[in-house]
Amino acid sequence: MSKTEEPNVRHSKVLIIGSGPAGYTAGVYAARAALSPVLVEGPQPGGQLTITTDVENWPGDESVLGPELMARMGEQVRKAGVDVVGDLIVEVDLTAAPFLAIGDGGTRYTADTIVVATGASARWLGLESETAYRGSGVSACATCDGFFYRNRICAVVGGGNTAVEEALYLTNFAEKVYLIHRRDTLRADRTNQARLHANPKIEMIWNAEVAEVLGDTGGVTAVALRDTRDGAISQLPVHGLFVAIGHDPATALFKGQLHMDDEGYILVTPGSTATSVPGVFAAGDVQDKLFRQAVTSAGMGCMAALEAERYLAGHNTHAIAADGADANLLN
Ligand code: FAD
Ligand code: NAP
């Protein structure tokens, strides 16, 4: 019995894994190309923007709530004819077409092409107070939230390139920016370090970690710092705390099947969303550690759907061969 003939199997020409801006955009494009895509929503329907408040850099919306924007995208996707499924993919087999993805309820999704749009998530410090003030003073994205800190005092945690770039970006708005690092040397490259040290608005706080985020009903007011050498506790008044200690792409599912960099981001051909497996495309934060924006993710979702369409047009895949009409159309 072939993969597509087994019971409890849903076959599609395009299977989209993920329902953030990348997955939804891939869905709209694939549906409009008459590819009848199936989109599996995963653990966070709507993706990362569902956990934020104001989004002010999505074209066409001066300001929109993240959950509202994603609900509108979800509605558009459904209206376009995408088969949106509330499931979580727990296993994939990309060794041969048709590819196989297995849902946590046992559904087997076979597909001629796959768009991987499983996103990424920021690493957090793991403090209860950090979680409590997320969205009201604690953020992991200066590009997204820096604008709200005009003439205010911010702190960034971390010592890598991201932390330094977040601190530099925040100086466009904030009156003062502290960069809190747990050691006395930065991991960031020399160019970024030089820019950091040349910026009069930034002050380094070495050998310190955030022990607690302090605040009131209006949001964050300070952070309690622990000296990593002697454990001494001090307080630093700030209005915003930006955590920049790294991100984790949601790629565990694809380990050993798709080529990744050493941080687990899926590698794609430059200028394309093509992965190391022909017919499998990756879009959004799952392959992009540089921009991490809704609009760039959506752009990559568009690219992935167009590339899947072209791939199908040039390949007589299993499902297309079984369907005479499509085979004639596409060959
Ligand atoms: P995500 O949005 O991360 O979506 C990933 C999707 O994959 C989810 O739907 C999830 O359910 C699904 N998934 C994961 N694993 C599986 C699985 N095993 N099976 C099936 N599905 C799976 N960007 C901006 O441009 N402007 C902003 O103002 C802004 N603010 C932000 C505020 C916050 C708090 C955060 C966290 C991010 C913000 N961003 C902002 C960044 C933006 O949200 C991301 O760049 C964007 O959402 C990435 O889109 P994506 O589609 O690649 O992935
Ligand atoms: P990173 O390089 O892994 O740096 C993470 C930083 O966070 C480190 O300084 C680390 O401290 C600190 N950290 C980790 N866990 C912590 C915790 N629990 N508490 C306090 N501090 C903690 O991550 P990144 O900066 O996000 O960069 C990821 C990758 O993207 C890197 O390869 C980076 O070079 C690259 N990148 C490049 C650019 C660029 O080229 N312009 C821009 C952004 C990112 P320690 O140093 O003590 O481990």
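Colleague: What makes residues 3-121 + 247-319 domain 1 and residues 124-243 domain 2?

Modeller: The domain assignment of the protein chain gives these bounds; such bounds come from an automatic or database domain assignment. This is a predicted model, in which local features need pLDDT of at least 70, side-chain atom pairs count only at pLDDT 80 or more, and totals for chains, interfaces and linings use all residues. Residues are numbered from 1 along each chain as its sequence is written, and side-chain values use heavy atoms, with hydrogens and water left out.

Colleague: What is the area buried between domain 1 and domain 2?

Modeller: Buried area is the accessible area (1.4 Å probe) that two parts lose on being put together, summed over both. Here the value is about 540 Å², with 44% given by carbon and sulfur atoms. Asp54, Glu56 and Gln293 supply 49% of the area that domain 1 buries against domain 2, more than any other three residues.

Colleague: How many salt bridges cross the interface of domain 1 and domain 2?

Modeller: A salt bridge requires a side-chain nitrogen of Lys or Arg within 4 Å of a carboxyl oxygen of Asp or Glu. By that rule, the interface of domain 1 and domain 2 has zero salt bridges.

Colleague: Which strands form the open sheet?

Modeller: The order is β10-β17-β11-β12-β13, with parallel pairing. Strands are DSSP runs (E, at least two residues), and two of them pair if DSSP finds at least two bridges between them. β10 (138-139) and β13 (202-205) each have a single partner strand, so they stand at the edges. Four bridges join β12 (residues 176-180) to β13; Val177 has Ile202 in β13 as its bridge partner.

How values were computed: Chains lettered and ligands numbered in written order.
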